[in-house]
Structures are given as C-alpha cells and as structure tokens.
Amino acid sequence: MQVLKSSSVFSTPHFLHFPSKPKSFIFLLYYSSSSTSVSNSPLLNYLVKNLDFTETQALLIAKRYPNVKSLERPQSVANFFQNLGFSNPQIAASVRHAPQILFADVETKLRPKIKFFQDLGLVGPHLGKFLSRNSALLACSLDKKLNPSIQIVKKVLGNNDNKDVIRVFNRCNGFIVRDSILKFSRNIEYLESCGVVGSQLSRLLKRQPRIFRMRESELRDLVLRVLDMGFSTDSRMLVHAIHTMNCLSKQTFKKKWELLKSFGFSENDCLDIFRKTPALFRTSEKKMKLGIEFLTNVAKVDKNVLVSRPYLLMNSLEDRVIPRYRVLQIIKLKKLLTKEPSFLYILDYTENEFLQFISRFTDHEEELLIAYKAHLLHTSSEEEEKET
C-alpha cells in the first residue's frame with residue numbers, strides 16, 4: 001500500500017500561499033481594505049477639507065469613530081480652538097494626540113481646562129503651541145488629575161514661577177496623563193528619603209521629569225547604583241549623578257568609562273571624575289576624546305589635573321579652549337608678559353574677563369582679538385560663500 005506524502009495531500013494549495021510582506025505593507029493593506037466603510041464618513045471628509053488633515057491621518061481618526069453621523073460636536077470643538085487662536089495645523093496635531101477631545105463638550109469639559117492653562121500664563125500663541133503638543137492633558141479630569149498634579153509640581157519646584165511648571169509639562173506630561181497621583185507622590189517621597197530635597201529635587205523634576213514616572217523598584221535600583229559608586233545622600237552631586245545614570249544605558253556608560261581608561265586613567269581616577277562631574281558622561285565620546293587629547297598632548301595638562309578638575313573637559317574646544325590657547329601662545333611668543341599666565345587660569349575666565357585680559361595689550365589687541373575670534377570669522381565666511 002502506497003503511503004501518500006503529506007505534502008501532496010495536506011499542504012496548502014499554491015494559490016493560498018502569500019509571500020512575506022514588510023510590516024508597512026501589511027499596515028497599508030489593512031487600512032486600504034478596511035477603509036471602504038469610512039471612506040464616505042462625514043467625519044473623515046470634514047477633517048480633510050476643513051482642518052487640513054491628510055487622508056491617512058483622517059482615516060485613522062474616522063476608523064476609531066465609525067458611527068459618527070453628526071458633525072455638530074467636532075465643529076463646535078474646532079470653532080472653539082480657532083476662536084482661541086489655534087491654527088489648523090495646531091488643531092490637527094491636538095486631535096491626533098487626543099482624538100477624544102473632538103467629541104468633548106466645549107462648555108463643561110474644554111473651557112474650564114483651557115482657563116486652567118491660561119491661568120498658568122499660557123495665552124495667545126503660547127497656548128496653541130503648548131496644547132498642540134500636550135493635548136492629552138485636555139482629556140484628563142480637571143479635579144482628579146490636573147489640579148492635584150499642578151499643586152504637587154508647584155510644591156516640589158518651591159516657587160511661584162509658572163514657566164517652570166509649563167517646562168515640566170512640556171518635557172513629560174505622562175505622569176499626569178497615564179500615571180496615578182499616588183505613584184508620582186511616592187517617587188517624590190522616596191527621593192526625599194534619599195536626601196534629594198529642596199533645590200536638588202526641584203532641579204531633577206525640571207531636567208528629568210521622567211524619573212518621577214519610573215516604577216518604584218526601577219527608581220530604587222537607579223538610586224542604589226549611584227550610591228554604590230560612592231555618592232553620599234548629602235552630596236550636591238547626587239542629583240546630577242542620578243540624572244546622568246538615568247540618561248545613559250549601562251552599555252553607553254561603560255563605553256565612556258573604558259574611554260577614560262584607554263587614556264591611562266585608573267578605576268579610582270574614573271570614579272573621582274564621575275563623582276566630581278557626572279555631567280561629563282552625558283557629553284559625546286568624541287568630545288571627551290578630543291578634549292583629553294588636546295589638553296594632555298597639546299596644552300600639556302597633567303592627567304592628575306583633569307582628575308581633580310574634570311569640568312575642564314566640559315568646555316567647548318572650538319569656542320573656548322583652542323581660541324584661548326591660541327591667544328596665550330601669541331602672548332608667550334611675543335613675550336608680552338614677564339611672567340607667563342597659567343593656561344588653566346585663563347581657561348576659567350568668564351568671557352568678559354578674558355576680553356578685558358586681551359584689552360590690556362593695547363598695541364596687540366587687534367591681533368589677539370582676530371586670533372581669538374578666528375573660528376567665528378571662518379564660519380561667517382563659509383556662510384557668505386554658501387549664500388553667493
């Protein structure tokens with residue numbers, strides 16, 4: 001008895017085999033095949049013709065609300081935003097981020113929240129610009145989310161400057177839109193228990209509000225990693241270290257650590273550098289590398305000096321370090337001073353202090369200024385050539 005091969009009887013017929021398609025193709029195929037039911041949707045047509053949506057953008061909204069028959073509510077919302085000074089692109093952006101606001105009652109839901117943001121100082125064009133990026137806030141409860149959150153943020157910031165509040169919202173509104181007030185409060189309490197209080201806590205919220213959205217276990221792990229590197233809870237660098245460690249993946253942090261070691265810095269040197277200037281690790285590997293090379297090889301700065309003053313590596317090579325070194329070389333070459341000034345001392349000058357230093361050399365001031373501003377002159381000449 002002959003046994004039939006499974007492939008001859010049970011395999012899928014060739015006409016039912018589909019070649020593999022990229023995800024983008026499948027996405028378009030799905031929407032094109034399912035768009036028939038909403039292609040004549042009054043909502044879709046209104047979004048395209050009246051609010052400058054693209055067909056694809058409008059289709060995504062219309063598919064979420066296929067049973068909309070009346071345009072009274074969307075028109076009312078759009079008119080409300082237009083009367084506030086929103087442009088059509090801003091209205092479109094607001095709706096894309098939070099489609100549900102298109103069906104909100106203007107008087108009971110939207111107007112009170114708009115007043116809430118206007119009271120924070122968002123008026124005129126600033127209101128449209130802010131809400132077109134953060135329209136999800138308009139979908140939050142005013143009493144249960146917005147008001148309580150704003151009070152917590154203001155308390156942490158410790159001032160009455162609403163610009164800082166808006167800055168926090170702009171950088172991360174997720175702790176209001178998606179997270180619970182309790183989670184936000186607990187993370188604040190935990191950071192305070194670690195010694196991150198007052199201006200440090202305020203600075204962290206302004207610079208890294210996403211930290212306040214972390215799961216409690218993740219936040220504890222982050223803080224413990226920093227403390228294990230020798231930071232104390234009373235160190236003013238603690239908050240900067242938390243900020244840095246949260247910004248970088250473990251792999252990226254390790255690469256920069258290894259970069260320092262490749263220049264001969266020991267493990268303890270690397271620790272000292274990180275403890276004194278955590279922000280250095282947020283700069284690019286290229287900047288760190290070029291900075292170390294120039295200061296040690298060209299300016300002949302001892303590596304131990306960089307360990308004790310790692311902030312020197314934060315300076316811009318192009319705008320500060322090299323121009324000032326060039327000026328100092330001219331002063332030395334022309335023997336304009338009986339005692340040569342320290343390059344590091346000159347590097348610490350503010351811009352005004354350095355210009356005053358140059359002005360002391362009246363007979364050579366123009367030459368020194370040209371040397372100091374050479375990179376700016378070079379940049380401006382390149383721009384002129386591009387324009388012509």
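This is a predicted model: local features need pLDDT of at least 70, side-chain atom pairs count only at pLDDT 80 or more; totals for chains, interfaces and linings use all residues.
Colleague: Let's start with helix 3 and helix 5; at what angle do their axes cross?

Modeller: The axes of helix 3, residues 42–51, and helix 5, residues 72–83, cross at roughly 20° and come within 12 Å. Angles under 35 degrees count as roughly parallel, so helix 3 is roughly parallel to helix 5.

Colleague: And is that crossing left-handed or right-handed?

Modeller: Helix 3 passes helix 5 in a right-handed crossing.

Colleague: Which residues make the contact there?

Modeller: Helix 3 contributes Leu-43, Tyr-46 and Leu-51, while helix 5 contributes Pro-74, Gln-75, Ala-78 and Gln-82. In terms of residue classes, the contact of helix 3 with helix 5 has 5 nonpolar and 2 polar residues, with no charged ones.

Colleague: Switching to the other pair, how do helix 20 and helix 22 run relative to each other, roughly parallel or roughly antiparallel?

Modeller: For helix 20, residues 317–333, and helix 22, residues 351–359, the axes cross at roughly 20° and come within 12 Å, and the two helices are therefore roughly parallel to each other. The crossing of helix 20 and helix 22 is left-handed.

Colleague: What makes the contact in that pair?

Modeller: On the helix 20 side there are Arg-324, Val-327 and Ile-331, and these are joined by Glu-351, Phe-354, Phe-357 and Ile-358 from helix 22.

Colleague: How many of those are charged?

Modeller: The contact of helix 20 with helix 22 includes 2 charged residues, together with 5 nonpolar and no polar ones.

Colleague: New topic, His-240: where is that residue placed?

Modeller: His-240 lies in helix 15, which covers residues 238–247.

Colleague: Is His-240 buried or exposed, and why?

Modeller: The relative accessible area of His-240 is 17%, and because buried means under 20%, His-240 counts as buried.

Colleague: What is His-240 in contact with, leaving aside its neighbours within four places in sequence?

Modeller: With those neighbours left aside, the contacts of His-240 are Arg-203, Arg-207, Pro-278 and Arg-282.

Colleague: What about the relative accessible area of Cys-270?

Modeller: For Cys-270 the relative accessible area is 0%, so Cys-270 is buried as well.

Terms used. Residues are numbered from 1 along each chain as its sequence is written. Side-chain values use heavy atoms; hydrogens and water are left out. Axes are lines fitted to C-alpha atoms, for helices over the stretch in contact, and angles run from 0 to 180 degrees between N-to-C directions. Helices (H or I, at least four residues) and strands (E, at least two) are DSSP runs, numbered from the N terminus. Angles under 35 degrees count as roughly parallel, over 145 as roughly antiparallel, 65 to 115 as roughly perpendicular and the rest as oblique. A crossing is left-handed if the near helix is turned anticlockwise from the far one by less than a right angle, and right-handed if clockwise. Contact means heavy atoms within 4.5 Å. Ala, Val, Leu, Ile, Met, Phe, Trp, Tyr, Cys and Pro count as nonpolar, Asp, Glu, Lys and Arg as charged, and the others, Gly among them, as polar. Buried means under 20% relative accessible area, exposed over 50%, partly exposed in between (1.4 Å probe, protein chains only).
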